[in-house]
Amino acid sequence: MESPSLFLCKGLLLTASLLICWNWSTAALLTSKEMRFSAAEGAKVLLSVPDQEENLLSFSWYKGKDVNENFTIAHYKKSSDSLQLGKKVSGREEIYKDGSMMLRAITPEDTGFYTLQTFKAHGQQEVTHVHLQVYKIVTKPYLQLNHTRLKRKSASILTCVSPDTGVDINWFFNYKPLNTTERITLSPEKRELIISPVWRADVGIYLCEVSNSFSSKKSYPLLMALAYG
């Protein structure tokens, strides 16, 4: 009869870790885990798998989920205290003897899976798939106004200009969250603020804010005034 297997999943708070899952078979010495990390663009992140140092004989890091020599980042052997770099090393890695790996100056292109393969005493082998999500730091937006001279009861369109996509946009009037009405509306992506018609009560300071999961930036304030005559 086939041996039963067990699958467990639990939250684990590390510097950048979000989730750790593991499974093992009672009849095998091979175990596998999956972990998730996230960090902001330009930062450094430590890909660390707990409880690796005890009885550790050797380990290898790979780019991607395949344990394949062509995807090797580095291989460490404890008996000779030697570190051998592989084809996928970028020069931004720091390898530690406990099996952890530091990635410096990360970019969105570093997003993806990394695999740690460890060999321990008594024939124990462990494979850990680590997923790294790198979030982009948003660019500071700026405001554009469709008319330089606004007149009462005319229409005004303010545009929040940002090269970033997939971001949240919020608007502020006189440094407080803007309330939309039938007269003050936003475009579907919230990049445009339409005021039609413009009233005297609309005179003041406008700002927009662009944000994602890891960062947010506001535009410089723009003063909207009415022209008379």
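Reader: How do you know how far to trust the chain, in terms of pLDDT?

Author: pLDDT is the predictor's confidence in each residue, from 0 to 100. The chain averages 85, and 85% of the residues score at least 70. Over residues 1–28 the value stays under 50. Where pLDDT is low, the predicted coordinates should not be read in detail.

Reader: What secondary structure does the chain have?

Author: The chain has 0 helices and 20 strands. Both are DSSP runs numbered from the N terminus: helices are H or I with at least four residues, strands are E with at least two.

Reader: Why is Ser 156 called buried?

Author: Buried means under 20% relative accessible area, exposed means over 50%, and partly exposed is in between (1.4 Å probe, protein chains only). Ser 156 has 0% relative accessibility, so Ser 156 counts as buried. Ser 156 belongs to strand 13, residues 156–161. Leaving aside neighbours within four places in sequence, its contacts (heavy atoms within 4.5 Å) include Leu 145, Leu 150, Ile 195 and Met 224. Of the 229 residues of the chain, 37% count as buried.

Reader: Is Leu 178 buried or exposed, and why?

Author: Leu 178 has a relative accessible area of 17%, and therefore is buried. Leu 178 sits in the loop between strand 15 (176–177) and strand 16 (184–186). Beyond four places in sequence, Leu 178 is in contact with Trp 171, Phe 172, Phe 173, Ile 184, Leu 193 and Tyr 206. Leu 178 and Tyr 206 are 28 residues apart along the chain, and their C-alpha atoms are separated by 8.8 Å.

Reader: Why is Arg 152 put in the class it has?

Author: The value for Arg 152 is 48% relative accessibility, so Arg 152 counts as partly exposed. Arg 152 lies in the loop between strand 12 (142–145) and strand 13. Among its contacts beyond four places in sequence is Arg 200.

Reader: What makes a set of residues a nonpolar core, and which members of the largest one touch the most others?

Author: A nonpolar core is a set of buried Ala, Val, Leu, Ile, Met, Phe, Trp, Tyr and Cys residues joined through side-chain atoms within 4.5 Å. The largest has 20 residues, and Val 45, Leu 47, Trp 61, Leu 103 and Tyr 114 touch the most other members. Elements giving two or more residues to this core include strand 5 (56–63) and strand 10 (112–120). Another core, of 19 residues, lies apart from it and has Leu 150, Cys 160, Val 167 and Ile 195 among its members. In soluble globular proteins, nonpolar side chains tend to be buried together.

Reader: What about phi of Lys 190?

Author: Phi of Lys 190 is also near 65°. Lys 190 is in the loop between strand 16 and strand 17. With a relative accessible area of 38%, Lys 190 is therefore partly exposed.

Reader: What kind of peptide bond joins Ser 196 and Pro 197?

Author: The bond joining Ser 196 and Pro 197 is cis, with omega about -5°. Pro 197 is found in the loop between strand 17 (192–195) and strand 18 (204–211).

Terms used: Residues are numbered from 1 along each chain as its sequence is written. This is a predicted model: local features need pLDDT of at least 70, side-chain atom pairs count only at pLDDT 80 or more; totals for chains, interfaces and linings use all residues. Side-chain values use heavy atoms; hydrogens and water are left out.
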